[in-house]
Amino acid sequence: MAAPHPATRQVKTPGVTHNETNAPQNTLASSPTLLLNWISAYHKAIVANEHWLTELDSAIGDGDHGANMRRGVERIMEHRGDLKGADLSTQLRMISGHLTASVGGASGPLYGAFFLHASCVVSPRHETRIRNFATCLEAGLQGVVGLGHAVAGDKTMVDVLIPVVTAYKSIVRRHISPAQFFSETIQIAEAAMKSTISMQARKGRASYLGARSIGHQDPGATSMFLLMRTLAEAATKDPAFTVQTQKSTTRKLIP
Ligand SMILES: Nc1ncnc2c1ncn2[C@@H]1O[C@H](COP(=O)(O)OP(=O)(O)O)[C@@H](O)[C@H]1O
Ligand SMILES: [Mg+2]
């Protein structure tokens, strides 16, 4: 029997709240330009916040996170033309390649893994429609965790991704507008980023500082907040964006 398409696989991540198996399936549809708009907005956000990321990484790391991320987003923008004609899965994979090749440090391969794993659950047949968007982001989270082995509370970018993925998974059970949902998501990501201030780093360079890492916001959690914020903003502005909550088609078997 042929293996199921990755988009149909069940993905489970420790720390993420999972829906019931018979929960209604949610579909987020968007225009083909969503990813391009998201990445352009992320480029602007990184450039605008490069010094902040540098300062944060200077306090508990080696001060290169701003420059690392700027190199990454600039490389993506240089190759933006190639992204235009590609399907969504290919776009995500190309972004992964650019980030892995250019960002460097610990965060480069981790961001690369995020986009690579996200690309694997997007069906090539649904270029403009991400069936179960939460699954896509969760796959990205799994890529980061699979490579870096961070868990919640380790003071890393994972501390932003976990609550955001949980929020995306929750949309299937809620009756709120996309605008409300995305605005909530931004607040959740921001609170998660700030929650890293009180954590002691257990992964990455900051972990060498032990208790002295407490009291500083994690730079990778901050760049991940910017990624999640720009995604929510791009999706809110997308004229084709819709959220369809479908009723479960699960039927009881009559004995
Ligand atoms: N094992 C890990 N899992 C998840 N994120 C990590 C891990 N190690 C480091 N990070 C993230 O990477 C960020 C540092 O990135 P960067 O400064 O670019 O790399 P480096 O630490 O090599 O200089 C940290 O703030 C943290 O969020
Ligand atoms: Mg660094």
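Student: Let's start with the ligand: which helices each supply at least two residues of the shell around ligand 1?

Tutor: Four of them: helix H2 (65-78), helix H5 (107-120), helix H6 (133-148) and H9. Helices here are DSSP runs of H or I with at least four residues, strands are runs of E with at least two, and both are numbered from the N terminus. The model is a predicted one, where local features need pLDDT of at least 70 and side-chain atom pairs pLDDT 80 or more, while totals for chains, interfaces and linings use all residues. Residues count from 1 along each chain as its sequence is written, with chains lettered from A and ligands numbered from 1 in the order written.

Student: How many residues surround ligand 1, and which are the closest?

Tutor: A residue is near a molecule if its C-beta atom, placed from the backbone, lies within 6 Å of it. Here 23 residues surround ligand 1, and Gly105, Gly148, Thr156, Gly204 and Gly220 are the closest. H9 gives the largest share of that shell, three residues.

Student: How do the residues of that shell divide into nonpolar, polar and charged?

Tutor: Ala, Val, Leu, Ile, Met, Phe, Trp, Tyr, Cys and Pro count as nonpolar, Asp, Glu, Lys and Arg as charged, and the others, Gly among them, as polar. The shell around ligand 1 has eight nonpolar, nine polar and six charged residues.

Student: H9 keeps coming up. How many of its residues are buried?

Tutor: Buried means 20 or more other C-beta atoms within 10 Å of the residue's own, exposed means 12 or fewer, and partly exposed is in between, with C-beta atoms placed from the backbone. In H9, 16 of the 19 residues are buried. Across the protein chain, buried residues make up 43% of the 255.

Student: And which residues touch the most other members of the largest nonpolar core?

Tutor: The general idea first: in soluble globular proteins, nonpolar side chains tend to be buried together. A nonpolar core is a set of buried Ala, Val, Leu, Ile, Met, Phe, Trp, Tyr and Cys residues joined through C-beta atoms within 7 Å. The largest one here has 59 residues, and Leu137, Val144, Val160, Leu161, Val164 and Met228 touch the most other members. H9 supplies the largest share of this core, 10 residues.

Student: Where do H7 and H9 meet, and at what angle do they pack?

Tutor: Axes are lines fitted to C-alpha atoms over the stretch in contact, and angles run from 0 to 180 degrees between N-to-C directions. H7 and H9 pack at about 35°, with axes 8 Å apart. Two residues are in contact if their C-beta atoms, placed from the backbone, lie within 7 Å. On the H7 side you have Asp159, Val160, Leu161 and Val164, which meet Ala221, Met224, Phe225 and Met228 of H9. That set divides into seven nonpolar, no polar and one charged.

Student: What is the phi of histidine 149, and what about lysine 155?

Tutor: Most residues other than glycine have a negative phi. Histidine 149 has a positive one near 55°, and lysine 155 has a positive phi of about 70°. Histidine 149 sits in the loop between H6 and H7, and lysine 155 lies in the loop between H6 and H7 too.

Student: Is each of them buried or exposed?

Tutor: Histidine 149 is exposed, because it has 11 other C-beta atoms within 10 Å. Lysine 155 counts as buried, because it has 27 C-beta neighbours inside 10 Å.
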